[in-house]
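Here are my notes on the model. Please read them with the coordinates open.

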Amino acid sequence: MSAFAFHTTPQMIVRPGASGEVADIAGAKLGPNILFVTDKGIRNAGLETSAIQSLEAAGHSVTIFDAVEADPSLATLMQAVDTARGCEATGVVALGGGSSLDIAKLAALIAGSGEDIDEAWGVANAKGPRLPLVLIPTTAGTGSEATPVSIITVGGEEKRGVSSPIILPDTAILDAELTVSLPAAATAATGIDAMVHAIEAYASRNANNNPISRMLATEALKLLGANIETAVFSPDNIEARSAMLLGSTLAGMAFANSPVAAVHALAYPIGGTFHIPHGLSNALVLPQVLRFNAAEAENGSYRLYADLCPHAFPNLDQSAGAQAQCAAFIDRLAELSADLGLPTRLRDVGIGEEALPKMASDAMLQTRLLVNNPRDLNEADALAIYKAAW
Ligand SMILES: [Zn+2]
């Protein structure tokens with residue numbers, strides 16, 4: 001067995017309604033002054049109120065920072081840090097989507113350690129200590145509550161990341177009631193994103209791919225595959241919402257330690273240039289990338305995809321050989337996006353065929369992801385994949 005390291009969030013509380021008990025769960029470690037990070041959409045929907053009431057009723061002073069936007073900027077991060085310093089924050093709580101969670105991770109780091117963000121970018125450069133940190137996701141997709149990564153937009157276009165176990169939170173609270181109001185399209189796209197995290201973690205060529213991540217990935221796919229349609233079409237079904245939220249966190253724990261690959265690399269130019277949401281960007285190239293990987297038998301990824309098939313889709317015939325099983329798995333993933341009402345071709349989201357060569361060259365910049373792909377992938381391959389997906 002190969003050596004590996006595994007880092008994850010040390011405490012997870014999984015219960016509908018648990019965000020209203022945040023003071024009981026984590027109040028002692030958060031201290032008296034709390035920076036509460038969220039966004040205006042969450043506040044308009046009132047999703048944060050029971051968490052804030054819980055903290056205030058327990059005697060904490062809560063300062064709300066609700067200026068987080070999608071693809072949050074460095075300026076927003078520095079405002080959050082200033083707000084933390086202004087209220088002399090002793091702890092940080094975030095309630096929201098991946099953007100709020102990412103801002104909170106780095107605000108807790110910088111307010112806690114005083115370190116310079118320019119020295120923290122990259123892998124294992126952030127040192128800490130950070131402020132105590134509690135993350136409460138409101139979407140079932142990014143898995144940010146279980147990953148050591150925060151992505152920030154610098155100078156309008158460039159995405160920079162900090163990756164360090166120091167920004168894993170102390171506690172994640174998985175309260176499925178917060179996800180019930182998520183619209184169908186976002187539920188579908190974020191759910192497919194979580195499935196991609198599990199699939200790419202399981203098949204990752206990264207040296208740290210490990211048995212714990214693979215175990216988490218199969219369990220995540222079980223939960224996500226069995227519940228994604230119910231969560232989309234019966235949004236109030238709290239059982240399905242709970243399963244999606246847990247599945248998304250398990251997939252986050254998996255890929256935090258066995259990183260994602262070419263589906264994400266090819267999704268980034270779709271999101272970056274055409275502002276297509278991250279989950280949908282992944283869904284648009286998922287079948288084509290998996291078919292590309294499986295077409296070269298030597299890398300063995302077809303066997304890995306075949307392994308995943310009975311977990312994700314137990315109703316499919318599992319009696320055929322690995323090649324057939326792999327093909328059935330990929331075909332079902334492609335059908336699933338259509339069944340959930342998502343666009344399935346790049347042309348359906350307004351991308352012209354003439355844009356594909358630039359997207360292929362942009363995808364090549366994602367070397368940190370491409371190195372994890374089970375099959376080597378060059379610019380001509382990326383272009384062929386985009387053409388197949390167009
Ligand atoms: Zn993703």
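1. Is Glu-48 buried or exposed? Glu-48 is buried, because its relative accessible area is 6% and the cut-off for burial is under 20%. Keep in mind that this is a predicted model.

2. The setting of Glu-48 is a loop. That loop joins α2 (40–45) and α3 (49–57). Leaving out residues up to four places away in sequence, Glu-48 touches Phe-36, Ile-42, Arg-43 and Leu-95.

3. Next, the metal site. Four residues coordinate the zinc ion: Asp-193 through OD, and His-197, His-264 and His-278 each through NE2. The distances run from 2.1 to 2.2 Å. Along the sequence, the donor residues follow the spacing D-x3-H-x66-H-x13-H.

4. Why is the arrangement around the zinc ion irregular? The four donor atoms subtend angles of 89 to 163 degrees.

5. Asp-193 and His-197 are four residues apart in α7, so about one helical turn separates them. An α-helix has 3.6 residues a turn, so residues three or four places apart point the same way. Asp-193 and His-197 are both buried.

6. Now the nonpolar packing. The largest nonpolar core has 78 residues, and Leu-266, Phe-329 and Tyr-386 touch the most other members. Helix α7 (residues 184–203) supplies the largest share of this core, with 11 residues. Another core, of 31 residues, lies apart from it; Ala-94, Leu-109, Ile-152 and Val-154 are among its members.

7. Take Leu-266 in more detail. Beyond its neighbours within four places in sequence, Leu-266 is in contact with Val-285, Val-289, Ala-363, Leu-377, Ala-382, Ile-385 and Tyr-386. In soluble globular proteins, nonpolar side chains tend to be buried together.

8. Helix α12 is worth a look. This helix spans residues 301–312, which is 12 residues. From first C-alpha to last, α12 reaches 16 Å, close to the 16 Å expected at 1.5 Å a residue.

9. Which residues of α12 are buried? They are Ser-301, Tyr-302, Tyr-305, Ala-306, Leu-308, Cys-309 and Ala-312.

Terms used. Residues numbered from 1 in each chain as written. Predicted model: local features only at pLDDT ≥ 70, side-chain atom pairs only at ≥ 80, totals over all residues. Heavy atoms only, no water. Core = buried A, V, L, I, M, F, W, Y, C linked by side-chain atoms within 4.5 Å. Buried < 20%, exposed > 50% of the residue type's maximum accessible area, 1.4 Å probe, protein only. Helix = DSSP H or I, 4+ residues; strand = E, 2+ residues; numbered from the N terminus. Contact = heavy atoms within 4.5 Å. Expected span 1.5 Å × (residues − 1). Donors = N, O, S within 2.8 Å, 3.2 Å for Na, K, Ca; no water. Tetrahedral: all angles 85-135°; square planar, octahedral: opposite > 155°, others 65-115°.
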